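Thanks for coming, everyone. I have one structure to show you today. Please take a look before I start.

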Amino acid sequence: MHSFVRFFAVLIICSLAFSQTIMAKEIVIKFSHVTTEKTPKGKAAKYLQELVAQRLKGKVRIDVYPNSQLYNDKEVLKALLLGDVQMAAPSLSKFGKYTKKWGLFDLPFLFADNKAVACFTNGPKGQALLDAASTKGLKGLGYWLNGMKQLSANKPLITPSDAKGEKFRIMSSDVLEAQFKAVDANPQKMAFSEVYNALSTGVIDGQENTWSNIRTKKFFEVQTDFTESNHGVLEYVLVTSTEFWNSLPKDIQTELSAIIKEVTLKETQWALEAAQADKEYIIASGRTKIHTLTNEQAAQWASAMKPVWKQFEANVGKDNIAAVRKCSE
Ligand code: LMR
């Protein structure tokens, strides 16, 4: 009898020790992204890593893989769903296979500026939209800003007719495809990591991106002309898989969410600073020309591209378009 009790006591002690070992095991979050570490997203990923190292020491660790080192645009979402990485912050333009709703962020001349983006994403409609890909297993944890996009080519793009026939690299978005078709240009979907080479070898003629990406990926060295068009926004979603998120203990979810809120505020600040500083850097480099549009020229681009709104209204939600317009007033 005694040895029977002893056997069970040992069994219980062993299983407690075993479960404690499991609980104590550090959770590793692989965070993969495509920009350099100097961008707002690159800095925010590192800051997230730092805060997690301080506040969830021994419980959670974040390993950051920048610069398409681990996965490029398309692959990262598949990798998230397979559990090969646990976090990413792709542009909302790259989720067309998972939700059509985020196409809202690609509508040309919809968001007046970065303030309008913040107003919408922090508001009730923007917050509700974070869940748009949850039925596909992707959980939006927050929005991260990059900024307003600018156009470039190896010729001045002053009126919409200047874009006619030009091959522009776009992110994998049907809305962006329609935007360039609206000005009779030739859009080409391409991964971010391939753009510099495609521009320098002439596989494409032009591109659209933010001052931050144009500077850090040196696009300004291989394009003769930039137009400060501010025609669209580049906005990210910090995303994980629903399965991974639900597997985290509640206290870790709560602490991570608090850290993400803090990082998101900093990220926005870095994005706003980069929009100004990177533009100035490019101007000072003297490597390319930067054209500023008159109000009349800007209005021509807007009226050529705006029919795209109607085309995608059903996908992105008329109510969401209205909410962004309100934020843009
Ligand atoms: C692009 O593909 O141009 C951007 O989405 C890259 C990025 O992550 O900023």
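This is a predicted model: local features need pLDDT of at least 70, side-chain atom pairs count only at pLDDT 80 or more; totals for chains, interfaces and linings use all residues.

Some overall figures. The protein has 13 helices and 10 strands. Its C-alpha trace spans about 95 × 40 × 30 Å along the principal axes. Now take contacts between residues at least 6 apart in sequence: 75% of them join residues at least 24 apart.

Next, the inside. Nonpolar side chains tend to be buried together in soluble globular proteins. Here, the largest nonpolar core has 45 residues. Which of them touch the most other members? They are Phe-31, Leu-48 and Trp-301. Let's stay with Leu-48. Setting aside neighbours within four places in sequence, Leu-48 contacts Phe-31, Ile-62, Met-87, Ile-259, Ile-260 and Val-263. Another core, of 40 residues, lies apart from the largest one. Its members include Val-85, Leu-92, Leu-138 and Ala-323.

Helix H4 covers residues 114–122, and helix H13 covers residues 318–328. Their axes come within 8 Å and cross at roughly 130°. The crossing of H4 and H13 is right-handed.

Who makes the contact? From H4, it is Ala-116, Cys-119 and Phe-120. From H13, it is Asn-320, Ala-323, Val-324, Cys-327 and Ser-328. How do these residues divide into nonpolar, polar and charged? Six are nonpolar, two are polar and none is charged.

That's my tour. Over to you.

Methods. Residues are numbered from 1 along each chain as its sequence is written. Side-chain values use heavy atoms; hydrogens and water are left out. Axes are lines fitted to C-alpha atoms, for helices over the stretch in contact, and angles run from 0 to 180 degrees between N-to-C directions. Helices (H or I, at least four residues) and strands (E, at least two) are DSSP runs, numbered from the N terminus. A crossing is left-handed if the near helix is turned anticlockwise from the far one by less than a right angle, and right-handed if clockwise. Contact means heavy atoms within 4.5 Å. Ala, Val, Leu, Ile, Met, Phe, Trp, Tyr, Cys and Pro count as nonpolar, Asp, Glu, Lys and Arg as charged, and the others, Gly among them, as polar. A nonpolar core is a set of buried Ala, Val, Leu, Ile, Met, Phe, Trp, Tyr and Cys residues joined through side-chain atoms within 4.5 Å. Buried means under 20% relative accessible area, exposed over 50%, partly exposed in between (1.4 Å probe, protein chains only).
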